[in-house]
Amino acid sequence: MTVQSSAPGKLILIGEYAVLFGAPAVVMAVDRRAVVSLEPSRSAEWSVAAPGLTEEIGRFGFGADGSPHWVDPRHGFNEFQLVDRLLNGLSAGEREALAKQSSLSMSLDTRSFFATLAGSRRKLGLGSSAALSTALVSGLRLMLRGQGCSAADLASLVELHRGLQGGRGSGVDVAASLLGGVLRYELGGDGPTASAIELPGDLVVRCVWTGRAASTGSFLEALDQAKTRDPRAVDAAMDRLGEISELGADALEVADSVRFLHAVDDFTPALEELGRVIEMPILSDDHSRVWQAASELGVAYKPSGAGGGDFGLVFWSGAGPANELARRIEALGCELVDLEVDAEGAAAWTV
């Protein structure tokens with residue numbers, strides 16, 4: 001049978017970094033989706049294509065240990081490293097079951113996570129690896145057990161994706177891709193938890209693309225180094241971020257947009273302080289300029305995600321200065337990108 005699956009990307013509304021230390025974060029699934037197709041292959045080998053990313057076709061078989069063995073070994077380290085690591089990260093039982101399957105042709109499509117901005121094609125920082133990982137595993141599990149991923153798979157998917165990030169990452173992006181909608185997400189002693197939130201009706205959220213991609217991994221690595229170099233400073237910065245994150249998440253749960261906006265106003269300078277501590281520009285020059293422009297118009301602004309570039313978010317309640325804000329953002333060389341909440345999480349189906 002042919003299986004198709006998809007999962008949405010994400011933007012973090014509040015709680016970056018703090019979520020790594022047990023504070024709540026609020027994440028919004030957005031309407032850019034990774035799409036996976038798994039079709040019976042006429043070849044004895046499995047194949048994988050990534051349209052829009054590479055013209056290469058990766059080919060592999062399964063070894064006795066259930067691990068993929070690539071015809072061209074470079075593919076497992078370069079173009080299709082995510083596939084290699086995901087397959088190796090599955091349980092021994094799942095790998096064994098896949099090795100017994102007839103070979104498949106896999107198509108992994110993340111083209112919706114790219115856009116032509118300022119005349120060039122650029123990747124948008126919307127959690128494409130989490131979306132693709134969630135969609136691919138959901139499709140494979142539908143083939144193996146007759147059911148795609150559900151909320152019960154959250155912990156296993158977070159652990160799989162952390163394996164792609166060198167053991168780092170909170171899994172907040174995976175939760176958005178799996179469950180969709182707007183979520184309060186926390187890492188506790190018993191693993192990750194996520195619960196749905198409905199945004200206040202009067203809260204306006206606009207997405208600002210700085211035009212510059214940023215590497216989440218490099219910021220997390222800098223955080224790890226700072227924890228060794230100056231743990232007290234990191235703890236103080238994280239305590240502050242955690243306090244604000246909890247206030248912001250609590251405000252959204254009771255639909256209090258005013259309290260949430262106050263939390264965002266406090267969160268951005270706290271992120272700036274963390275950047276100083278870890279010696280990385282979480283609040284890049286682009287983010288700082290948009291923050292100033294937003295502040296002059298009386299609206300709240302913060303980076304979304306690791307910072308350093310990628311997306312920021314502008315928030316206000318009620319009518320707001322939408323037209324003037326758009327003019328100022330564009331004058332700064334940034335762009336407003338139309339993104340909506342994607343209420344549907346991961347989905348897998350047969351064709």
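User: Which element gives the most to the lining of the largest pocket?
Analyst: Helix H1 does, with four residues. Keep in mind that this is a predicted model.

User: What volume does the largest pocket have?
Analyst: Its volume is about 1,300 Å³. The lining has 47 residues, and those closest to the centre are Lys123, Ser129, His161, Gln165 and Thr216.

User: Which elements give two or more residues to that lining?
Analyst: Strand E1 and the helices H1 (81-89), H3 (128-145), H4, H5 and H6.

User: How do the lining residues divide into nonpolar, polar and charged?
Analyst: There are 20 nonpolar, 19 polar and eight charged residues in the lining of the largest pocket.

User: OK, the second largest pocket. What is its volume?
Analyst: About 240 Å³. Among the residues that line it are Met28, Leu199, Arg206, Cys207, Asp338 and Glu340.

User: Which elements give two or more residues there?
Analyst: Two strands, E11 (203-209) and E14 (335-337). E11 gives the most, with three residues.

User: And how many are nonpolar, polar or charged?
Analyst: In the lining of the second largest pocket, eight are nonpolar, none are polar and three are charged.

User: Which strand does E1 pair with over eleven bridges?
Analyst: That is E2, residues 25-40, and the two run in the antiparallel sense. As one example of who faces whom, Ile14 stands opposite Val26 in E2.

User: How many bridges join E1 to E15?
Analyst: Four, and this pairing is antiparallel too: E15 covers residues 347-350.

User: Now salt bridges. How many are there in the whole structure?
Analyst: A search of the whole structure gives 22. One of them joins Asp224 and Arg168, whose closest N and O atoms are 2.7 Å apart. That pair links distant parts of the chain, 56 residues apart: Asp224 is in helix H6 (residues 216-229), while Arg168 is in the loop between helix H4 (154-164) and helix H5 (172-179).

User: Why does Asp224 count as partly exposed?
Analyst: Because its relative accessibility is 28%, and partly exposed covers what lies between the 20% limit for buried and the 50% limit for exposed. Arg168 counts as partly exposed as well, also at 28%.

User: Which residue does Arg184 form a salt bridge with?
Analyst: With Asp250, and the closest N and O atoms are 2.7 Å apart. This pair also links distant parts of the chain: Arg184 sits in strand E9 (residues 182-188) and Asp250 in helix H7 (residues 231-253), 66 residues apart.

User: Is Arg184 buried or exposed?
Analyst: Arg184 is buried, since its relative accessible area is 9% and buried means under 20%.

User: Where is Glu94?
Analyst: Glu94 is in helix H2, residues 92-100.

User: Buried or exposed?
Analyst: Glu94 is buried: its relative accessible area is 16%, and the limit for buried is under 20%.

User: Last one. Leaving aside neighbours within four places in sequence, what is Glu94 in contact with?
Analyst: With Arg141 and Leu144. Arg141 also belongs to the salt-bridge network with Glu94.

Key
Residues numbered from 1 in each chain as written. Predicted model: local features only at pLDDT ≥ 70, side-chain atom pairs only at ≥ 80, totals over all residues. Heavy atoms only, no water. Pairing = 2+ DSSP bridges. Salt bridge = Lys/Arg side-chain N within 4 Å of Asp/Glu carboxyl O. Buried < 20%, exposed > 50% of the residue type's maximum accessible area, 1.4 Å probe, protein only. 1 Å grid on protein atoms, 1.4 Å probe; cavity = no way out; pocket = protein on both sides within 12 Å on 5 of 7 lines; lining within 4 Å. Points joined across faces, edges and corners; volume = space filled by probe spheres on them. Nonpolar A, V, L, I, M, F, W, Y, C, P; charged D, E, K, R; others polar. Contact = heavy atoms within 4.5 Å.
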